[in-house]
Structure formats: structure tokens, C-alpha cells
Amino acid sequence: EENPSLVMDYYKDTCPQAEEIIKEQVKLLYKRHKNTAFSWLRNIFHDCFVESCDASLLLDSTRRMLSEKETDRSFGMRNFRYIETIKEAVERECPGVVSCADILVLSGRDGIVALGGPHIPLKTGRRDGRKSRADILEQHLPDHNESMSVVLERFANIGINTPGVVALLGSHSVGRTHCVKLVHRLYPEVDPQLNPDHVPHMLKKCPDPIPDPKAVQYVRNDRGTPMVLDNNYYRNILDNKGLMLVDHQLAMDKRTKPYVKKMAKSQNYFFKEFARAITILSENNPLTGTKGEIRKQCNLANKLH
Ligand code: HEM
Ligand SMILES: [Ca+2]
Ligand SMILES: [Ca+2]
């Protein structure tokens with residue numbers, strides 16, 4: 001078949017331990033560096049949303065092409081070297097069998113669990129792309145102060161509806177945002193839409209209108225439960241404590257606000273919509289069958305002979 005679909009447990013005959021090994025590695029890494037779980041979750045968005053879940057995100061720059069990782073939209077992304085740790089563990093057991101694209105998605109799934117989120121059964125069988133998609137990345141990934149209309153439209157393009165978008169942005173219930181992405185809300189004057197109780201904290205964390213690019217200055221996305229993927233994000237944004245403009249808009253826009261309120265009230269509803277949307281995102285336009293390849297190392301396309 002030309003375009004086989006993703007299936008549950010694709011590796012059951014070729015590498016039955018694959019999902020178990022990935023889960024174990026995600027747990028071990030999480031013990032040492034809690035923020036790896038944030039990265040695995042964010043990776044699903046940045047890889048899958050730009051045309052395809054093909055691990056193009058993980059490729060290093062070459063002489064001919066800029067990596068996706070090095071674009072401004074990928075600002076702050078981290079822990080890529082630990083994806084190689086997971087890949088190496090899988091390769092030791094089953095060399096050349098499991099794609100980086102599947103490892104990226106499954107580590108994201110297991111990262112969500114580490115953060116207290118739902119367990120989401122996901123299909124596998126993705127293969128790895130051979131080229132960076134940095135050139136078209138901005139056509140897909142919204143900017144942090146994009147309008148809600150653009151955001152909703154871009155997600156609709158891959159089949160994710162409004163409650164799905166609201167749920168996915170709940171990922172900003174964990175992790176951090178660097179001051180470079182926030183200073184426009186603080187200087188030259190403070191955005192009057194920001195909760196005045198939240199402003200001193202933000203000013204303390206981001207004291208310079210032009211942050212020193214080398215200083216690691218950031219604000220935690222959710223001051224209440226920064227390490228937990230929960231519905232506290234929705235309470236924050238309803239309380240005008242959303243850091244990015246997109247977060248704030250989500251609680252203001254009449255199309256999204258009803259879902260924000262519903263998710264603020266019900267963690268169950270948030271998790272249900274989140275699981276549904278992650279599933280759609282993770283199945284966006286994968287390479288299957290004979291397309292692409294199984295990379296040996298996640299940061300490099302294989303050498304062709
Ligand atoms: C309109 C859509 C979105 C925009 C504009 C956006 C933008 C951003 C920005 C600017 C940051 C801060 C990066 C930094 O300064 O270090 C961030 C962090 C993060 N985003 Fe998003 N995001 C969006 C949707 C998503 C989605 C759909 C997910 C997951 C499925 C996600 C997961 C995360 C996570 C986990 C972090 C924290 C990363 C860390 O602490 O290392 N985001 N996002
Ligand atoms: Ca990709
Ligand atoms: Ca939280």
C-alpha cells in the first residue's frame with residue numbers, strides 16, 4: 001500500500017519493548033531534569049504542526065539548510081540532546097527500527113503523564129523526514145501575539161476545533177516564557193489588561209526593557225502550579241494573569257472564552273479535550289510506508305550511499 005495508516009502498537013513484532021523503553025527513559029530523565037517533560041510536550045506542537053510529524057524539528061542545521069530549532073519561533077526550546085539519550089536506549093534494543101518521529105510523539109505522551117496529565121493512547125508507524133521545514137515554519141506556527149482568528153484558523157487547517165485549541169494552550173500550565181517575549185507587555189508602559197497583582201512579579205523577573213540575550217530571564221507560565229499540567233492555567237487567564245497575548249486573548253475572545261470557563265471548572269473536561277486534540281495533532285500528515293527513513297541519530301538525516 002502506498003500510504004498505510006498509523007496503527008496502535010506498530011512495533012509489536014519488530015520491537016515489542018519500544019514503548020516500554022521510551023517510557024522508562026522519560027521517567028529516568030524526568031527524575032534528573034523535570035523540565036525535560038515540558039520539552040517533550042512542546043516538541044509535539046513544533047514538529048507536528050509544521051506540515052508533518054516527521055521529526056524534522058530535531059534535525060541540526062547543515063551548510064545548506066537552517067534547522068527548525070534555530071528559528072525564532074523555536075525560541076527557548078531545550079533538552080534536544082536527551083532525545084538522543086532515548087533514541088540510543090531504543091537503538092541498543094532494536095537497531096534501525098523505531099523512528100525519531102515516533103519517539104518524539106511517544107516521549108511527549110509520557111511527558112504529559114509525568115506532569116500529572118492524562119495517559120493518551122497514541123498510534124505509531126511514523127517515519128522520519130529528511131529535510132528541515134524551517135522555510136515554511138512561520139506559515140504554520142503562530143507568533144506569541146498572533147490574533148485569535150489566525151490561531152483558530154491555523155489549528156482548523158489540521159482539523160483541530162475551538163475547544164481543541166483551548167485545551168492545547170493549556171500546555172502553558174507548565175514551563176516558562178523568556179522576557180524577550182514579554183517585555184512588550186511591560187515597557188514602555190505596563191499593558192493595562194494585565195492583572196496589577198501580577199505585574200510586580202513580572203517586572204522583578206524582567207527588569208530590563210531590552211533583556212540581555214545571554215541572561216536567562218524568564219517568568220514561569222503558571223506561578224501556582226508551574227510543574228503540573230492542570231487547569232490552573234484557565235483560572236490564571238480568566239484572572240488576567242496570562243503571560244503571552246495569545247494566552248490573554250484566549251480568555252477574552254468570545255469564541256474561546258466559554259471553553260476557557262468550562263475548563264477552569266472541570267479538569268476532567270480539560271483532559272478529555274486535551275487528549276482528543278493531542279491525538280489529532282500527533283497524527284498530522286505523517287510519512288508512512290516507504291516514505292522517509294528511520295534515522296540512526298535523531299539530529300541527523302542518514303547518509304545516502
Ligand atoms: C498559539 C499557539 C502557541 C504559541 C504562540 C506558543 C508560544 C510559546 C512561547 C513563546 C513559549 C515560551 C518559550 C520561551 O520563552 O522559552 C511557549 C512555551 C511553551 N509552549 Fe507554547 N505556544 C503555543 C501553543 C502551544 C501548544 C499547542 C503546546 C503543546 C501542545 C505548547 C507547549 C508549550 C510548552 C510546554 C512551553 C514551555 C516550554 C519550556 O518551559 O521549556 N505551546 N509557547
Ligand atoms: Ca515536522
Ligand atoms: Ca499548572
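1. In this predicted model, helix 2 gives the largest share of the shell around ligand 1, namely 6 residues. Helix 2 (36–48), helix 7 and strand 1 (176–178) each contribute at least two residues to that shell.

2. Ligand 1 is surrounded by 26 residues, and the closest are Gly-76, Leu-168, Ser-171, Gly-175 and His-178. Sorted by class, the shell around ligand 1 consists of 12 nonpolar, 9 polar and 5 charged residues.

3. Residues of the shell come both from domain 1 (18–138) and from domain 2 (148–279), so ligand 1 lies between these two domains.

4. The secondary structure of the chain amounts to 12 helices and 2 strands, which follow one another along the sequence as α-α-α-α-α-α-α-β-α-β-α-α-α-α. For 305 residues a compact globule would have a radius of gyration near 19 Å, and the chain, with 19 Å, agrees with this. The C-alpha trace of the chain spans about 60 × 40 × 35 Å along its principal axes.

5. How do helix 6 and helix 7 cross, and at roughly what angle? The axes of helix 6 (residues 148–157) and helix 7 (residues 162–169) come within 10 Å and cross at roughly 105°; since angles of 65 to 115 degrees count as roughly perpendicular, the two helices are therefore roughly perpendicular to each other. On helix 6 the contact is made by Val-151, Leu-152 and Phe-155, and on helix 7 by Thr-162, Gly-164 and Val-165. By class, this contact of helix 6 with helix 7 has 4 nonpolar and 2 polar residues, with no charged residues.

Conventions. Residues are numbered from 1 along each chain as its sequence is written. Chains are lettered from A and ligands numbered from 1 in the order in which they are written. This is a predicted model: local features need pLDDT of at least 70, side-chain atom pairs count only at pLDDT 80 or more; totals for chains, interfaces and linings use all residues. Axes are lines fitted to C-alpha atoms, for helices over the stretch in contact, and angles run from 0 to 180 degrees between N-to-C directions. Helices (H or I, at least four residues) and strands (E, at least two) are DSSP runs, numbered from the N terminus. Angles under 35 degrees count as roughly parallel, over 145 as roughly antiparallel, 65 to 115 as roughly perpendicular and the rest as oblique. Two residues are in contact if their C-beta atoms, placed from the backbone, lie within 7 Å. Ala, Val, Leu, Ile, Met, Phe, Trp, Tyr, Cys and Pro count as nonpolar, Asp, Glu, Lys and Arg as charged, and the others, Gly among them, as polar. A residue is near a molecule or strand if its C-beta atom, placed from the backbone, lies within 6 Å of it. Domain bounds come from an automatic or database domain assignment. The radius of gyration is taken over C-alpha atoms; the globule rule is 2.2 Å times the number of residues to the power 0.38.
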